[in-house]
Every structure is written in C-alpha cells, then in structure tokens.
There are 2 protein chains.
Amino acid sequence: MTDLANSRSSLDDLTVDGERLWTTMHQLAEIGATPAGGVARVALTDADKAGRDQFVEWATELGCSIHIDRIGNLFARYEGTDPSRDPVVIGSHLDSQPTGGRYDGSYGVMVGLEIVRVLHGAGVRLAAPIEVVSWTDEEGARFPPAMLGSGVFAGEISLEAGLGSTAMDGTVLMDELVRIGYSGSEPAGSRTIGHYLEPHIEQGPILEAGGHVIGIVTGVQGIRWYDVAITGKESHAGTTPMDRRSDAMLSAARIVDGVDRIARTHGPDARATVGVLEALPGSRNTVCGSVRMTVDLRHPDPEVLAAMDAEFTAMAAALDPTPTIDNIWYSPPIVFDADIVAALRRGAHAVGHDPVDITSGAGHDACYISRVAPTGMVFIPCADGLSHNEAEAIERDHAIAGAEVTLRAVIELGA
Amino acid sequence: MTDLANSRSSLDDLTVDGERLWTTMHQLAEIGATPAGGVARVALTDADKAGRDQFVEWATELGCSIHIDRIGNLFARYEGTDPSRDPVVIGSHLDSQPTGGRYDGSYGVMVGLEIVRVLHGAGVRLAAPIEVVSWTDEEGARFPPAMLGSGVFAGEISLEAGLGSTAMDGTVLMDELVRIGYSGSEPAGSRTIGHYLEPHIEQGPILEAGGHVIGIVTGVQGIRWYDVAITGKESHAGTTPMDRRSDAMLSAARIVDGVDRIARTHGPDARATVGVLEALPGSRNTVCGSVRMTVDLRHPDPEVLAAMDAEFTAMAAALDPTPTIDNIWYSPPIVFDADIVAALRRGAHAVGHDPVDITSGAGHDACYISRVAPTGMVFIPCADGLSHNEAEAIERDHAIAGAEVTLRAVIELGA
C-alpha cells in the first residue's frame, strides 16, 4: 500500500477501466445465459451458486475477505486504513428473474467489484473499508417476497420468515441455502454500514427519453394498492333501459378513467394503474353484475400520495353502483440520504455528466437498507425502459459512466 | 254452432274466464316444475313432450285439429265459417330455459288456448279459423340458435340446419324430434298465416315501472354486436410515466363510458352494453397490454342505430391505443303490422286499459314470423323485469288483461 490514501489529487486521477467492467459483466452473464440473450439465475439455484462463486473468486483475487450472513447475503470486504471507519458498501443482487436480463442487479455488484479493482490496481486503500454486497433473492421469483435478503438484513422481514420462504414446488429457502453452500454464520443485520450505494439500470424509460445518461435517485415512490369490488345487477341488455341499470362495468370504467386523471393532475411523478379487471357474468347481452379490479397509486411525496388516495376514494364514493374499496397495502415513500445524493451529483459533474434527479418506481434492496443506513442510488438508462425481460439492454458508455459516478462518490465518502 | 258468428254485438260480450286461464297456466307449469318454483321444460326433452301432449289434449277437447310440421312446430286449428279466410294465429312457445320461469312463452300459448275455449264455450266460430301455435325450440338453450322453429318456418333458417342442430352432448335435434313423437309431415312454412298475435311477458322493467298493465309492441330493436380488440403495451406500473403509456385498459374504459353516453343521448329506446371485458396480462402492477371486449348497441329505428354505430366508431377511432372494431352481427329493427297494432290498441281501450307503446328488447318468434305474415305482440308486466329465472312472476290481473286485449283483437281481425 502507498500513501495515496491520503492524497486527494491522486485519488482524483483514478478512473474506471471501462473495457474491464464491460467484459466482466458479460462474463458473469454467461452464467445462466439463456438462448434468447438473457439470464436465468434464479435465487439459490445452481446458476445462482455459480454466479456467487465467480464473484467470490474475483473478489478474493483482490484480497477481499468474504462474509456471509445467515440469510446468505454475501459481502466482499476490501479493508481501509482507518479501523474506526464504517464501510462504504456498494452492490445490488446477482439473482435474476427466470427469464431475466443481463444487467438487472448484476450491474450494481459488478460496479462495486470494478471500483475495488480500480483501488487495488492503483495500490490504494481509502480510509474507510469498501464492501461489495450481493443481497440474497432480490427478485423473489422463486422464494417470495422480493428483496428478501435486504429485508431480513434491515429487520423488516424476520430471519425465520426469510429462511422458511417456500417455493411453489415446496422447496424451502434454508435447505437451498445450505445446499449451495451459502448459509453463513454471521447474524443478518449485524454488520454496520457507513454508506450504501446501489448503481442500477433504470428499468423505466425516463432517462432514455430525456437523453440523460445519469439519474440521481432522490427516493422511491410510495405505493398504495387497492382491491375494488363493485356489485351491480345483472339484467337483459335489450330490455333494460339505460336509466334502470345498475351496471358494474360502468363504475369500473369510471374508476379506470378517474384514477388516470388523478395521476395526470399530480404531475410527472404520479402513477395510477388498473392492471386487473374481472367482469361477471361475462355475457355479451347481459348488463354486468359484478367487477373485481385493482388500483395501484404511486407518488414519491407522502402528502401528494395521501391527496391522490383521498381524491380516488371520493370519486369512487360518488359512483353508482358504488364500489367497495380495500386499501390492502401501503408502502411509504422513501427519501434517500441527502449527503449521498449530493455526493453522487458532484460525482456526475466531476466526470462530465449533467445528472437528472429521478424517483425510483420499482423496489430495490436500497429501499430496505435506507432504513438502517444512509443510502443512495444511481440509475443508468436501459433500452426502451425494458427490464425483467431477456431483451434487456444498456449502452456500454452508460454502464461506464454510472461506474465513474459511483467511484467518485465512493472516494468522497470513503476518503 | 249458432249464428253468433255473424253477430258483432254478441261477440262483444265474450270475455276471458280469468280463473280458468290462471289455473290452466299453473297446471301447465307443473310439467317440468323445479323445486325453486320455476320450470325446466327444455326443447325436445321428455318434459317438453309432456307439455306438448297436455296442450294437444286440451286443444283436442275443443274440437281442434292438430298439425305438426317437419321442424315440430305445433298448430291446433279451430275452424272458422269462411273457408276462404286465412287463420288468425295466436301463440308463442312451450319450451323453457333450463332454469326458466313459468310464463315466458307458455303465457302466449295458454292465452291462445283460452281464446279458443271462450269461442268454443259460447258455441261460436269466427269467419276466420283460429290457430294456436307452439313454435319449436324458441329458447335455443339446448339446440341453438334461439327461435329455431319460427326461423325455419319463416325460411330464415334452413330445415337442414334446424334438424341438424346439435346439443353440447352430441344429440341431434331431428333424433329427439322423432323420439318424442313430434316430427310432423307438413313442410315447414307451408301454412298460410293471416295474422299472427303473440302475447308475452315483457321480460323487462318498463311496464311495471310506469304502472302500465298493457304494452302494445310496435316493433323490435335492431341490434349491432361488435367484437373490440385493443393492443397497448405492457409496462411497469411504477417506472412508466403516465405520458409514456399505451394502456389498453384506458381505451377500454373510455369505450364503456362512451357507448353509455351515446345511448343516453339517443333517448329512452337506445341501449348500449359492454358485457364482456377481458384484460391481459391481469397483473396488479403491470400496465394492461391488451383487452378483448364486446359492445351491444340497440335501437328500434334503423337510422338512429346507424347514427349510434357511426358515433361509436368515430369515438373509438380517436382513442389511443386505438381499438380494432369488428361489427360481427346486425339484426335490423322490425316494425310490426300497423293494422294489428291498431287492433290491439282498440282492444286494450275496449277492456278499460290505457295501453303504452313499447319496443321489444328481446327476440321473439314474432320477429321471424313478421317476415312472412302481419304480426303484432302484446306485453304484460313481469315482477322486477325478471325473466330467464325461476323467480319469474306475473300478476293474475295482468295475465287476464293481456288475454282480454288479445281476445278483442282476434275477434276484430277474425270476424
């Protein structure tokens, strides 16, 4: 080790090896590769084990120590020079959807690896240790719920519930964790995190549409999920005059249109979606007697989301037939750490990008970790906003830019 | 026979025996009676045979001759005094839905029977013969399509298609017709009909709601059926901004709302119904990618129905995502015979009722028969507009009033 650790000017000269990052990402993508160009590396399968093993091999080559907790979260620690400092943690997840893309999750872990490679290659240690993390079972595709490993780490999901999660075929998570050799001894959540940075592909179309390379994620949308039931009265489509109908389909349609309008009046960050609508009896010449439907409302500002909730409820109450509304889930908005957001912004400007603030519409491990540590995320564009799809694609320059921004923030936070 | 046949004043004194009509209807309803108070007398089952046999027995007691055509339509003929006159035909159908009511169809046949009983009991013959008809398989519940027997009679359905109609279990109509002994030798449609009168329960709520006892049916709605397909783009409910969505559910909702509005702007006789709406992929947090739905538009005036069609098509074409619309069926409006309508109106006033003009929203055997003979219908109220339901109910006084009105018209037309 040299004394570069204390030389900011020398640290400022460090840069990502773009070719190495790009190559490494695609080497990883060969593990569980699908014929259609995607990845099938579902949590705790043999492919997940192979991905973890590859990561451990690469990290070990850099002198990292490997730490595994009881839910299988995997940390590669590159020591700092100051034993009193908490680590700067970089990462995401190595598991994928059953027909997933090559970058969802793995991008964040590979950026973390690349940053350690940069430091290691330059013979540099920061004051703070650097840890690269892969959280267990972010996708929840085999073992629900999603973000299971980070949820257990943050104490939001009990260890028992996490280990007991059961796949459709009856397989239990703990058994698979033991089977693939990633059942660690460290209590989940016992590690202290100084700062947590998660680079990720956007999984949405906003950056690409705006021509932005770097999105600084200021927070995560709050979400309200509703189950809506409407009971009208089945009647003959020919003999029942319009003013004597109780048409469940009509109230349902007005909810679809109404929540769309509510979202549009609350600006670009608001979302409203009716994804499920089931109408009975489903006969062409019978007025619809009942509808079951869902409503999904989102906004990053809790007050705006509350206003959307109130407007939806009032709108629905005025309908005839009147819906019954059950707000089955509320996930409060998350605001990321201001210091980390500022560090990422400065990092972006330092490497010549004009970043745009963005709110995450999807859940990430960073959501849970934000409850126990200062947290931030950086997004890069993905083609056509497509993710959870084998056709998921990103541009090489964007991948490198996201790593550069993260490197700058890590140096600022860890120096 | 007396000379009453030529005495209008004596004919004017004839009245229905209300108690006899009511009792006879409920005797018939015991054939195929269900525990819930309805009737299961599905076409060409043993119960249908038993109903036909009972009708034949009653008609034969009145000196009627029985005539059966090749599709099983059943005519009971009470001769007139003038061999040159075509018959006044009264009737409907004796078959029912699988869980049908006691009056749908059978009311019209029993009114016809009661009128012959009145004439026979008074020792009277009109100039014209009277025929009471039960058309085969009006419901189409077992052997599609509906109104099969009258459709074959009118030449709108070929005899081959009618006889070849096949039930879900593979049974063929002709085999069942032979089995129950109602495969006649008379060519279907070979009988001449001078006037056709069909008394029926309304099967809708209009008469009851308006406090009317007698509805004079001036015609039958025209119907347009559409299949609508909408293709949007599946996307993430959290990450996809409102202005970057292609939401099939939203276009579907606007069609539901739009056709409802179109019907309401075209007055009390217009109908618009979306009975089927199937949305995919049916995921709570995914913007809807595709919808299949139906639209049913109805109006008794062909020009108004054409205007509704044009407004619907234009409205849909302006939506984004834009639906594909397939107008799969058009049943033109039917206008009933003006002389019969007038005779029924006079009949209603003669027996002390203030009749209301009404359009039929449902199909009836009278629709097909109107293409080959002067045709009219009289409606009586049914409780809550309910039909095709074991709970179908009518009031005794209304049943008698409908028979009185029909009797008056029959005397006017047949004297």
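**Close-ups of a predicted two-chain model**

**View 1. Two helices of chain A run past each other.** In chain A, the axes of helix H9 (residues 248–265) and helix H10 (residues 302–317) come within 10 Å and cross at roughly 150°. Angles over 145 degrees count as roughly antiparallel, so that is what we call H9(A) relative to H10(A). The crossing of H9(A) and H10(A) is right-handed. Keep in mind that this is a predicted model.

**View 2. Who touches whom between H9(A) and H10(A)?** On the H9(A) side, look for Ile255(A), Gly258(A), Val259(A) and Ile262(A). Facing them from H10(A) are Met308(A), Glu311(A), Phe312(A), Met315(A) and Ala316(A). Sort the residues of this contact by class and you get 7 nonpolar, 1 polar and 1 charged.

**View 3. Chain A comes in two domains.** Domain 1 of chain A is made of two stretches, 3–220 and 333–414, while domain 2 covers 222–331. How far apart are the C-alpha centres of the two domains? For domain 1 and domain 2 of chain A, the answer is 38 Å.

**View 4. Zooming in on where the domains of chain A meet.** Here 4 residues of domain 1 of chain A are in contact with 9 residues of domain 2 of chain A. On the domain 1 side of this contact, there are 1 nonpolar and 3 polar residues, with no charged ones.

**View 5. Chain B laid on chain A.**

**View 6. The place where the two chains meet.** The contact takes 47 residues from chain B and 47 residues from chain A. Of the interface residues of chain B, 100% are also interface residues in chain A, so the copies meet through the same surface.

**View 7. Chain B's side of the contact, piece by piece.** Several elements of chain B give two or more residues to the side that touches chain A, including helix H8 (206–210), helix H9 (248–265), strand E9 (271–273) and strand E12 (290–299). Which element gives the most? That would be H9(B), with 9 residues. By class, the side of chain B that touches chain A has 20 nonpolar, 17 polar and 10 charged residues.

Note on methods. Residues numbered from 1 in each chain as written. Chains lettered and ligands numbered in written order. Predicted model: local features only at pLDDT ≥ 70, side-chain atom pairs only at ≥ 80, totals over all residues. Domains from an automatic or database assignment. Contact = placed C-beta atoms within 7 Å. Nonpolar A, V, L, I, M, F, W, Y, C, P; charged D, E, K, R; others polar. Helix = DSSP H or I, 4+ residues; strand = E, 2+ residues; numbered from the N terminus. Axes fitted to C-alpha atoms, helices over the stretch in contact; angles between N-to-C directions. Parallel < 35°, antiparallel > 145°, perpendicular 65-115°, else oblique. Left-handed = near helix turned anticlockwise from the far one by under 90°.
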